[in-house]
Amino acid sequence: EVDGVYDVVIANIDAPVLCALGPHFATRVESSGVVLLSGLLVDREAEVVSTCAPLRVIERRELDGWVGLRLAL
């Protein structure tokens with residue numbers, strides 16, 4: 001359980017956990033803030049991103065089959 005709203009929310013966790021938390025990220029980040037996600041395999045990216053709506057991807061970086069994402073409202 002986490003209370004509050006933050007400028008930056010960071011999660012470096014595997015896809016199943018990110019999917020479970022995805023619907024909550026938008027409620028925990030300021031309207032001008034960002035959510036940074038990593039620890040994500042390329043083949044799970046679309047699934048994770050879809051759970052984070054209404055956040056949208058504003059930057060994506062990939063290295064050796066792993067993805068890091070910056071999302072914002």
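Start with the largest nonpolar core: 17 residues, with Phe25, Val35, Leu37, Val48 and Leu55 having the most contacts inside it. A nonpolar core here is a set of buried Ala, Val, Leu, Ile, Met, Phe, Trp, Tyr and Cys residues joined through side-chain atoms within 4.5 Å. Buried means under 20% relative accessible area, exposed means over 50%, and partly exposed is in between (1.4 Å probe, protein chains only). Color by secondary structure and you'll see that strand 1 (6-12), helix 1, strand 2 (29-41) and strand 4 each supply at least two residues of this core. Helix 1 gives the most, with 5 residues. Helices (H or I, at least four residues) and strands (E, at least two) are DSSP runs, numbered from the N terminus.

Some housekeeping before you click on: this is a predicted model, with pLDDT of at least 70 needed for local features and 80 or more for side-chain atom pairs, while totals for chains, interfaces and linings use all residues. Residues are numbered from 1 along each chain as its sequence is written, and side-chain values use heavy atoms, leaving out hydrogens and water.

**Select Phe25.** This one lies in helix 1 and counts as buried, at 6% relative accessibility. Leaving aside neighbours within four places in sequence, Phe25 is in contact (heavy atoms within 4.5 Å) with Val9, Ala11, Leu18, Val35, Leu37, Cys52 and Leu55.

**Hop to Leu37.** Not counting residues up to four places away in sequence, Leu37 touches Ala11, Leu18, Phe25, Val48, Cys52, Val67, Gly68, Leu69 and Leu71.

**Now the cysteines.** How many disulfides does a search of the whole structure find? The search finds 0, a disulfide being a pair of cysteine sulfur atoms within 2.5 Å. The sulfur of Cys19 has its closest cysteine sulfur in Cys52, and at 7.7 Å that is too far for a bond. Cys19 is buried at 15% relative accessible area, and Cys52 is buried too, at 0%.

**Slide along to Arg28.** You're still in helix 1, but Arg28 counts as partly exposed because its relative accessibility is 29%. Apart from neighbours within four places in sequence, its contacts are Val2, Asp3, Gly4, Val5, Tyr6 and Val9.

**Show the surface around Val17.** Ile13, Val17 and Leu21 make a nonpolar surface patch of about 190 Å². Patches are made of residues with over 30% relative accessible area and no salt bridge, joining like charges within 9 Å and nonpolar side chains (Val, Leu, Ile, Met, Phe, Trp, Tyr) within 5 Å. Areas come from the Shrake-Rupley method with a 1.4 Å probe, and for residues only the protein chains shown count as cover. Val17 itself is found in helix 1 (residues 15-28) and is partly exposed at 34%.

**Select Glu45 and Arg60.** The structure holds 5 salt bridges, each a side-chain nitrogen of Lys or Arg within 4 Å of a carboxyl oxygen of Asp or Glu. In this one, the closest N and O atoms of Arg60 and Glu45 are 2.8 Å apart. The pair links distant parts of the chain, Arg60 being in strand 3 and Glu45 in helix 2, 15 residues apart. Is Glu45 buried or exposed? Glu45 counts as buried, because its relative accessibility is 13%, whereas Arg60 is partly exposed at 38%. Glu45 also touches Leu40, Val67 and Leu69, among others beyond four places in sequence.

**Next, Glu59.** Glu59 meets Arg61 in a salt bridge, 2.9 Å from N to O, and forms another with Arg70, where the closest N and O atoms are 2.9 Å apart. Glu59 lies in strand 3 and Arg70 in strand 4, so this second pair ties together parts that are 11 residues apart in sequence. Elsewhere, salt bridges that share partners join Glu45, Arg60 and Glu62 into one network.

**Finish on the backbone.** Zoom in on the cis peptide bond joining Ala53 and Pro54, with omega at about 15°; Pro54 sits in the loop between helix 2 and strand 3 (56-63). Last stop is Asp64, in the loop between strand 3 and strand 4 (66-72). Asp64 has a positive phi of about 55° although it is not a glycine, and counts as exposed at 71% relative accessibility.
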